Amino acid sequence: MAVLELTPQIRREIEDIVDKRIREAHITREDFSELKGIVRELGVRVNDLAVEVSDLTLDVKALAQAQKRT
């Protein structure tokens, strides 16, 4: 089996590529905290929307009952 030796230049290029890939994939603590905040806000908005849909459903049912009476 042949062993290939890396020149210092090739080694630096490989390290640069690996470092770049790690930076691209790295998630900072701030990124994670921001994402948590966004998810929390989405949860609140989804809950608010569910309440509004429930209220709207009751209004539609009441309207349907009123229409039956007329």
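This is a predicted model: local features need pLDDT of at least 70, side-chain atom pairs count only at pLDDT 80 or more; totals for chains, interfaces and linings use all residues.

Entry: I started with I14, which sits in helix 1, residues 8-25. For helices I used DSSP runs of H or I with at least four residues, for strands runs of E with at least two, both numbered from the N terminus. I14 came out as partly exposed, at a relative accessible area of 39%. My classes were buried for under 20% relative accessible area, exposed for over 50% and partly exposed in between, with a 1.4 Å probe and protein chains only.

Residues are numbered from 1 along each chain as its sequence is written, and side-chain values use heavy atoms, with hydrogens and water left out.

**Entry: the nonpolar patch.** I found I14 again in a nonpolar surface patch with L6, I10, V18 and I22, and their accessible area together is about 430 Å². The areas are from the Shrake-Rupley method with a 1.4 Å probe, and for residues only the protein chains shown count as cover. A patch takes residues with over 30% relative accessible area and no salt bridge; like charges are joined within 9 Å, and nonpolar side chains (Val, Leu, Ile, Met, Phe, Trp, Tyr) within 5 Å.

**Entry: salt bridges.** How many salt bridges does the structure hold? I got two, taking a salt bridge as a side-chain nitrogen of Lys or Arg within 4 Å of a carboxyl oxygen of Asp or Glu.

- E15 pairs with R11 at 3.3 Å, N to O. Both are in helix 1, four residues apart, about one turn of the helix. E15 is partly exposed, since its relative accessibility is 36%.
- R45 pairs with E41, with 2.9 Å between the closest N and O atoms. Both belong to helix 2 (residues 29-69) and are four residues apart, again about one turn of the helix. R45 is exposed because its relative accessibility is 55%, whereas E41, at 37%, is partly exposed.

**Entry: charge.** I then saw D48, E52, D55 and D59 gathered in a surface patch of negative charge. D55 is part of helix 2, and its 40% relative accessibility makes it partly exposed. For the chain, I noted 12 positive and 14 negative charges, whose mean positions are 6 Å apart. Here Lys and Arg are positive, Asp and Glu negative, and His and the chain ends are not counted; each charge is placed at NZ of Lys, CZ of Arg, CG of Asp or CD of Glu.

**Entry: the whole chain.** I counted two helices and zero strands. The radius of gyration is 29 Å, well over the 11 Å from the globule rule for 70 residues, so the chain is more spread out than a compact globule. That radius is taken over C-alpha atoms, and the rule is 2.2 Å times the number of residues to the power 0.38. The C-alpha trace spans about 90 × 30 × 15 Å along its principal axes. Buried residues make up 0% of the 70.
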